[in-house]
Amino acid sequence: MKGLPSSVNVERFTEARAFEIRAMQEAMKSASSSSTTRAWQELPRHLRRRAASHDVSRVPIRLRQKARAEMDPMRRKILGRTLPKRGKSRREPALSKFEKRQANKTWLESHLWHAKRMIMEDMWGYRLAMEPTEKSFRPSHRASVHGSILHDASYYSLIQLNGPEVVLKALLERCCDPQLCGPGAQRYLTGAIACDTEFYQPNSYPFALIGPVTILWQPLPFAPMPSTSQPETTVSETNNRKRKRAVKKKIPSAAPTQVTDSERIRVVWIRCHPLFAKEAIVALKKAVSLTVEAFNISKQHKDKSYTVEVTDLRGEFNIFEIMGPKSSQVIKGALSPIPEGQRNEFTKFWDSLTNLQTAGSVPRNMVIGFTTLDPRLSFPPKNAKAQVSRTQLLSIPPPCTSFPSSTLAQSDIWNETLRAKLKTPRHKKKSIDARKGQNVIPGSHLKPTKDDDQIPVLLIQRSTQSYPLLDRSSTANDRLAGDPSLHGWTLILPKGWSMAFLSSLIYTGTRVGGQRERQHQSFESGVPYFPRDFPSTTAYESYADTRARKDLERWCLKPPAKRPNWGKLGTRSPWKPDWGSVLISTQRDNQGEKEELDKLWLLRGPDAPSIVDSASKLLIPSTAVLHKINQLRLKRNMEVLGSTINGDDLFKRALVQIRAKLISRGSPDDLAAVYLVDDQEALRWKAFGGRKDFGLQCTPEHTGGEVELTQIIPSQDDIVGYVTSGNYSLSRGQGYAIGAISLAKLCQIIEQSKRLQLVGSLVKLRNRDGVICRAAYIEILDS
């Protein structure tokens with residue numbers, strides 16, 4: 001005891017024994033983990049593999065020794081063979097095996113990455129990812145609202161039109177929705193903004209709807225302003241001994257020759273869903289022939305000949321959709337534009353991406369074109385982080401200082417020759433990793449050389465949002481205002497570069513979603529999703545038939561006691577919506593006839609609320625509908641419908657897209673029926689719903705009244721429509737649905753709401769496998 005010090009300096013003592021303390025902590029940790037967890041359980045969930053418990057190659061290298069020790073000795077002996085079943089010479093190459101698997105479908109370039117992490121299904125001629133294998137429904141929704149989520153949309157089709165500008169404008173106006181600003185408007189002709197519109201058969205509006213498309217014009221080449229003060233100069237040959245007469249020459253102006261619209265050759269891209277790509281190509285060819293024939297007859301273009309080339313560019317591009325408020329930082333961190341030859345507009349825009357809190361601050365459908373370096377050179381990317389000052393309000397994002405322009409939209413991705421050269425990257429990942437291994441500092445980025453690829457890309461702002469109907473009959477409490485809007489970017493890049501960009505984009509921390517996540521984004525924003533929310537289209541019929549077949553197969557696999565009895569439930573059409581019966585009931589009410597209406601059409605667009613409002617105020621509503629449709633047809637130089645169809649037939653065949661918000665509890669499902677509500681029941685729902693709208697607590701007698709009201713099942717003849725997308729809305733915190741109902745019945749519902757002084761248009765929803773009817777207020781979709 002005499003040799004011990006009287007006091008101990010804890011800090012110095014700990015520093016001296018730091019190695020021993022650390023070794024003891026690691027030994028305790030390894031001892032506890034080895035006895036309680038397996039090697040694959042130490043990995044995060046997104047790195048775990050199904051075969052990791054019995055195959056050491058499915059575990060990272062740092063854990064393989066531990067995994068090999070944990071394996072059963074007999075299994076280790078069986079799996080420890082070194083010789084394959086077949087020799088290397090006789091083994092089938094992986095590429096040929098993959099080609100055989102694509103006999104009746106097409107794989108995306110990122111298929112192998114998605115197949116390891118997603119549930120895959122055959123859709124629309126492709127093998128697509130439906131949803132992640134891990135539980136990620138709510139995290140994916142939170143990522144789209146507060147973070148970022150990526151979706152590989154390379155399956156979308158791209159059609160190219162090449163021809164004179166005046167002809168392209170005329171043929172596109174024949175096929176596009178006349179309610180919106182036409183694709184030939186000046187705002188779209190410059191190529192600075194993409195045009196979102198609906199595509200129809202030529203001269204067939206409002207019938208023969210094909211589907212939504214995005215139209216993009218190639219930006220015009222930038223030309224410098226002509227010099228107006230350029231003097232004439234005298235040029236003489238002074239080197240010659242003989243004096244010659246001075247010759248006056250004019251220096252040619254830098255301005256290009258003025259080219260008229262009929263002579264200017266333009267290129268247009270039409271981006272559409274793969275389900276109606278072939279139908280759209282046929283419609284475009286028909287529109288080309290009609291337009292060229294009309295131009296040949298006209299006096300103005302009689303002496304000229306026009307040709308338009310229609311090219312199918314499916315499979316020539318890779319498309320990524322990145323949604324969420326942090327999507328701008330993801331793109332800024334993953335991509336590295338080339339520093340040489342940058343435009344001032346692009347430099348200004350690229351610098352603003354770091355602090356951009358939401359892509360909604362950028363003008364909608366704005367197009368940005370640039371050339372980026374190979375993202376593998378700067379892998380792993382450094383994630384950009386928005387820096388917001390303390391004095392700035394977080395709820396009010398700063399406005400974007402960049403505006404659409406043809407100069408900003410310029411990109412070499414329109415060059416077909418350059419795209420063909422970039423189909424195969426010059427350097428494989430192995431060679432790039434070898435170059436990184438020679439760096440003095442491990443993990444540092446490579447400096448680009450002349451031999452490295454430079455990839456042209458297009459960046460298009462993307463928004464999914466709806467605009468609520470502000471009518472006089474609704475109040476702030478029940479109006480479906482405040483629907484969440486999601487904003488992000490669409491990244492278009494050449495073929496062959498999907499995985500190079502996907503690896504960098506994912507490393508920034510963004511989630512990856514499949515078809516389910518993409519559908520849910522549209523549902524939460526209150527925007528119809530194609531093809532499930534577009535009845536009257538050929539693509540919808542194909543989707544409905546496929547879904548009905550799958551539901552029937554699933555229903556037949558269950559025993560009778562575990563599946564719904566449609567006969568006892570009184571469900572008339574359990575597998576797909578019966579739109580014919582809805583329209584037949586409308587015709588029966590008006591004329592007493594039961595003949596089936598074979599040609600229905602969908603009323604949608606920004607003018608749909610005003611058309612329905614004006615029709616509901618007239619004694620004969622079909623007159624207002626026919627008048628407005630003819631006005632829109634004359635706007636695009638189409639013939640009026642009076643000679644081919646009368647107003648009554650047009651009125652009876654119409655469906656209107658609506659959205660429904662439940663008054664109380666409950667969640668509507670897909671294929672739920674929409675019923676009329678009689679006056680007496682509507683007044684009872686008004687008394688109950690009024691207390692909830694004003695925040696009053698419902699007494700037990702009110703709750704009992706609600707239960708009684710929900711158990712009243714209307715007649716099958718009162719079905720006015722169906723729900724096409726229904727679920728519990730995470731952003732609204734209650735049941736929400738998107739569907740379609742008959743236009744004639746909608747006018748009756750609006751008239752009833754005004755007569756009874758209801759706060760909105762009241763209907764009842766009933767799921768196909770339930771007996772409870774929930775009341776809901778509906779509004780017309782105008783997006």
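## Surface, sheet and helices

The protein exposes about 42000 Å², and carbon and sulfur atoms supply 53% of that area. The model is a predicted one. Of its 783 residues, 46% count as buried. The secondary structure comes to 25 helices and 23 strands. Among contacts with a separation of 6 or more, 78% are between residues 24 or more positions apart.

Six strands form an open sheet with mixed pairing, in the order E13-E14-E15-E12-E4-E16. Strands E13 and E16 are its edges, each pairing on one side only. E13 pairs with E14 in the antiparallel sense over seven bridges, and Thr372 stands opposite Ile455 of E14.

Helix H15 packs on this sheet and touches E4, E12, E13, E14, E15 and E16. The direction of H15 makes about 15° with that of E12. The residue ranges of the helix and of the strands it touches are as follows.

| Element | Residues |
|---|---|
| Helix H15 | 498–507 |
| Strand E4 | 149–152 |
| Strand E12 | 317–323 |
| Strand E13 | 367–373 |
| Strand E14 | 454–464 |
| Strand E15 | 486–494 |
| Strand E16 | 511–512 |

Helix H16 spans residues 515–525 and is mostly covered, with nine of its eleven residues buried. Just after H16, Gly526 takes a positive phi of about 75°.

Conventions:
Residues numbered from 1 in each chain as written. Predicted model: local features only at pLDDT ≥ 70, side-chain atom pairs only at ≥ 80, totals over all residues. Heavy atoms only, no water. Pairing = 2+ DSSP bridges. Helix = DSSP H or I, 4+ residues; strand = E, 2+ residues; numbered from the N terminus. Contact = heavy atoms within 4.5 Å. Axes fitted to C-alpha atoms, helices over the stretch in contact; angles between N-to-C directions. Buried < 20%, exposed > 50% of the residue type's maximum accessible area, 1.4 Å probe, protein only. Areas by Shrake-Rupley, 256 points an atom, 1.4 Å probe, with all protein chains shown as cover.
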